[in-house]
Amino acid sequence: MSILDRKLAPGFNGVDNINLIRPQQTKLANGCNIFSFNSGDQDLVRIEWVFGNLRFNPKKPLLNVAVNTMLTEGTSKLNAAQIADKIDFYGAFLQVDYGYDNSQVILYTLTKYLKTTLDVVKDVITDSVFPEKELETYVRNQQQKLQVSMRKNDFVARRIFNKALYGETIYGLGAEPEDFKSLTREDMLAHFKQMYQPSNCTIIIAGRADPEILGAVNQTFEGAWGDITLPADISQPDLEPSEERFFYSEKADALQSAIRIGTPFVTRTHPDFPALQVLNTVLGGYFGSRLMANIREDKGYTYGIGSGMTSFKQTGAFFIASEVGADVCKLAVVEIEKEINILKENLIDEKELSLVKNYMLGALLGSLENVFSHADKFKNLYFANLDYDYYDRYTQTIKTITAPELQVLANKYWDFADFYKVIVGKY
Amino acid sequence: MVKFNKFKLDNGLRVIVHEDNTTPMAVLNILYDVGARDEDPEQTGFAHLFEHLMFGGSVNIPHYDGPLQRVGGENNAFTSNDITNYYITLPSTNVETAFWLESDRMLSLAFSEKSLEVQRNVVIEEFKQRYLNQPYGDVWLKLRPMVYKSHPYRWATIGKTIKHIEDAKIEDVKAFFKKHYNPQNAIMVIGGDVKTEEVKRLAEKWFGPIPAGEKYNRDLPQEAPQHEERREIVTAKVPLNDVYIAFQMEGRMDKSYHTIELMSDILSRGNSSRLYKSLVKDKQLFSEVHAYITGSMDKGMFVLEGKPLEGISIEQAEESLWQELEKIKTEEVPADELTKVKNKTESTLVFSEMSLLDKAMNLANYELMGDADEFNHETEKFLAVTSAQIKEQANKLFRKENSSTLIYLAEGVEEPKAVVTE
């Protein structure tokens, strides 16, 4: 038997094939699209109802989020307590989830209880009434929660950053306590009726999506429901980026400062997007990234620092975020700038680049943990009007992109002087 | 039902294999039977600081993360008052890399001064970020010493004070490693697209040669029953008042555990729960209210927490919480309501089987408690709970002389300064 050489890493294989499960599609006569992913050993299912948000109205900025959040607060048949009782009794989970582009209703249930829980969802989606008393409770509680969030530097930094990049739009919205007061039941009902209708609805089923389950969903959501007199206007006003680039909100007793630095950016639909994700990963997209290696692992200025790219329907962003010791905030910003510029001026070392490539492919494979993840990947594509060849391009780009190409991209897209910089705490 | 195979190496390392061929990935999870409760009262936060140092290179491998990322893997770890848990996920074809990395750091660390210096700073920033620079972030630093007077649960995982972290020396790190990081004190779970025979071969190859080390015999001062009401009021720079009431309860292995967990669900799980319906919705006294248990191995905490609405006095808020507790002490939980929380628990366990990592962590945890197979019998234990048992436990727990109440009073702070631009 040979002696074990612990200094020598075992051999390894690259990730070759990423097999994405593609959905079955049905379109109901009422315009509602249904996509289903049938897989998995468990007798359970996740169903999402996705609705495009209505055009943002700066005078009534909270309608999209408030209508979505209050869907479970009462219908003409069931009050909030009855909805909660029914869902909880059957061990199901009914969630609402507001995003910048879409609002969702999500049901997790064991398939044996699907029919009963589906009826509750149908009621919620087609017949919510936003009772006055529940609205008052919602407003009061949201105002209190906002007060707590406003004491968190990272939350405040994110708000200032979004406002700077996007202005008075759905992406730039940072609610103030008085905005909640302006919510009225009438406005919410009108908004609900226009938004929650079949032609603005996409249903995504994942799990034990067998013919019986699909039949139940089809049957429940086919035919006439909602108010179809007024089409859902899901266009959005133009973005209004700020001229100012530097924002400092001082907190006298801060132990740490929140930093958020970045810029509006291309979205997933842009051909450069996959390559930029490689560049972003090198800079701050994983634990071994340059920002982490320098600012956490070498300098010890922070518990964590990272960079990321967001992609929405109308815009995207590239950003760097961290919370750093208040006394080293200026130094941390200097190091961030330094790391950005190094990527513009120097080629990425081949060894580092191949590591990042392998890491990203492994992470993609690992992100496909179960059938829900396959549905999530589909949503990334579908709501960006992309096809499955996007993931082919993505994996191909990761495998083939070169250091000189990445350097070109860094110079094309990154200009630190032009980035928005937000500091909340001490600087 | 999570199937698994189990074996033990000669050096005492317990190994569990869960074959799941629905995924191309593998998970390697190692639980070390050491947590903040095993720390010296004068060197708190050490188990967690040590967890950070486990990423600072091992005796034969200078960098831990790079070689793993190179084969498409990711890793992380967490420390609790009871355990320290490390996990790797990676494409299953590269699973041997995980064995290589984990076995080398179980064999010995590099013990570098630079790594200690940097991780001390990182942990101090973590201390600030999570405990000091957040509204209510210091609640566990205050509540734990109220509930525990002798047991080491009286300090939080992060430590009692930043000073203890600043003072950590490399000799302490070495001694801690020797005492706790050896095969006898670890449980390894490998899950995913793997075969038991191959796992056996790799485990023998990489972990087999590691010396067994000394067995750590835990002998902690147990917490005496509480006989007096405890109370503390702090004025803090927080936006809203906040009420915490903690009760001592038996540890995770006690037969009362499942009853008490369902009791916390009845009070606070979901929008159909009692506290939410009664105190947030009907009486409109709180903006939010929660009940939960810590699930500790030794004597644990049952915690009630609520933020009263503006204009509601602390007395009124506390009184309303106690009214709900009185109700569960005096009236048996109706059958429907009990069925509801049982159904929810049952479906939660089914959903948790969707995640490979969750399954691996659960198997390790149940093995630590005595037998990994108990994970497959959890549902039965919850289903067996009766209303009479809940009432009995409510009476045992919810007594003033078993309570520790911590009140945050919002200090009138200045309005945040306006955003200025340069």
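Helices here are DSSP runs of H or I with at least four residues, strands are runs of E with at least two, and both are numbered from the N terminus. Hello everyone, and let me start with one such helix: B:E102 sits in helix α3 of chain B.

Before going on, a word on what we are looking at. This is a predicted model, in which local features need pLDDT of at least 70, side-chain atom pairs count only at pLDDT 80 or more, and totals for chains, interfaces and linings use all residues. Residues are numbered from 1 along each chain as its sequence is written, while chains are lettered from A and ligands numbered from 1 in the order in which they are written.

Back to B:E102. Setting aside residues up to four places away in sequence, B:E102 touches B:L28 and B:I30. Its C-alpha atom is 55 Å from that of B:G311, which is 209 residues away along the chain.

B:L28 comes up again in the core. A nonpolar core is a set of buried Ala, Val, Leu, Ile, Met, Phe, Trp, Tyr and Cys residues joined through C-beta atoms within 7 Å. The largest one has 173 residues, and B:L28 and B:M188 are among those that touch the most other members. Beyond its neighbours within four places in sequence, B:M188 is in contact with B:L13, B:R14, B:V15, B:L28 and B:I30. Another core lies apart from it, with 57 residues, including A:I47 and A:F372.

Now, how do the two chains meet? Here 66 residues of chain A are in contact with 66 residues of chain B. On the chain A side, helix α12 (residues 350-366) gives the largest share, eight residues. That side divides into 30 nonpolar, 18 polar and 18 charged residues. For these classes, Ala, Val, Leu, Ile, Met, Phe, Trp, Tyr, Cys and Pro count as nonpolar, Asp, Glu, Lys and Arg as charged, and the others, Gly among them, as polar.

Staying in chain A, helix α7 (residues 185-195) has as its buried residues A:M188, A:H191, A:F192, A:Q194 and A:M195. They pack against β3 (44-52) and α1 (63-69) of chain A.

Next, two residues in loops. A:N385 has a positive phi, near 55°, and is not a glycine. You will find A:N385 in the loop between α13 (371-382) and α14 (389-400) of chain A. It is exposed, because 9 other C-beta atoms lie within 10 Å. B:F111 also has a positive phi, about 50°, without being a glycine. This phenylalanine is in the loop between α3 (95-107) and α4 (113-132) of chain B, and with 17 other C-beta atoms within 10 Å, B:F111 is partly exposed.

Last stop: B:M146, in helix α5 (residues 139-147) of chain B. B:M146 has 18 C-beta neighbours inside 10 Å, so it counts as partly exposed. Leaving out residues up to four places away in sequence, B:M146 touches B:R230, B:E232, B:S404 and B:L406.

Conventions
A residue is buried if 20 or more other C-beta atoms lie within 10 Å of its own, exposed if 12 or fewer, and partly exposed in between; C-beta atoms are placed from the backbone. Two residues are in contact if their C-beta atoms, placed from the backbone, lie within 7 Å.
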